[in-house]
Amino acid sequence: YGAALRKTRASTKGLWVIEDLPHRGGAKQSRMVLVQQVDAGGALPIWVVDKKLPEALGVVQNAIEAFRQDERIDAAARE
């Protein structure tokens with residue numbers, strides 16, 4: 001009746017810490033930290049880790065791009 005699939009149940013927990021930093025050159029700044037714990041429930045092939053890790057870190061990159069204020073900070077520093 002089909003192939004026997006060996007599956008591993010995994011879980012992950014994540015914690016975001018977002019804090020305000022002092023204004024710099026008139027521009028508001030903040031710090032964001034992501035701490036993530038993964039319980040794979042066993043050994044994982046490296047190709048699975050290689051595929052999933054960039055997806056998990058993509059959330060951080062998306063936030064960086066959404067809140068980027070480099071031009072504003074640089075302009076304030078030149079004043």
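In the predicted model, tryptophan 16 is partly exposed, with a relative accessibility of 38%, and this residue is found in strand S1. Leaving aside neighbours within four places in sequence, tryptophan 16 is in contact with Met32, Val33, Leu34, Val59 and Val60. Valine 35 lies 19 residues from tryptophan 16 in sequence, yet the C-alpha atoms of the two residues are 6.6 Å apart in space.

The strand that carries tryptophan 16 spans residues 11-24 and pairs with strand S2, which spans residues 27-39, in the antiparallel sense over 12 bridges. Among the paired positions, lysine 13 has glutamine 37 in S2 as its bridge partner. The two strands form a hairpin in which 2 residues stand between S1 and S2, and glycine 25, located in the turn, adopts a positive phi of about 65°. In a regular strand, side chains alternate between the two faces of the sheet.

A search of the whole structure for salt bridges returns 2. One of these salt bridges joins the side chains of arginine 31 and glutamate 19, with an N to O distance of 3.1 Å. Because glutamate 19 belongs to strand S1 and arginine 31 to strand S2, this pair ties together parts that are 12 residues apart in sequence. Both side chains belong to partly exposed residues, the relative accessible area being 40% for arginine 31 and 34% for glutamate 19.

A further salt bridge is formed by the side chains of lysine 52 and glutamate 55, with an N to O distance of 3.6 Å. Here both residues lie in helix H1, which covers residues 46-67, and they are 3 residues apart, corresponding to about one turn of the helix. Lysine 52 is partly exposed at 45% relative accessibility, and glutamate 55 is likewise partly exposed, at 47%. In general, side chains of opposite charge can pair when their charged atoms come close.

Helix H1 also contains tryptophan 47, which counts as exposed because its relative accessibility of 58% is over the 50% cut-off. Tryptophan 47 contributes to a nonpolar surface patch of about 620 Å², which is made by this residue together with Leu44, Ile46, Val49, Leu53 and Leu57.

Key:
Residues numbered from 1 in each chain as written. Predicted model: local features only at pLDDT ≥ 70, side-chain atom pairs only at ≥ 80, totals over all residues. Heavy atoms only, no water. Pairing = 2+ DSSP bridges. Helix = DSSP H or I, 4+ residues; strand = E, 2+ residues; numbered from the N terminus. Salt bridge = Lys/Arg side-chain N within 4 Å of Asp/Glu carboxyl O. Buried < 20%, exposed > 50% of the residue type's maximum accessible area, 1.4 Å probe, protein only. Patch = residues over 30% accessible without salt bridge, like charges linked within 9 Å, V, L, I, M, F, W, Y side chains within 5 Å. Areas by Shrake-Rupley, 256 points an atom, 1.4 Å probe, with all protein chains shown as cover. Contact = heavy atoms within 4.5 Å.
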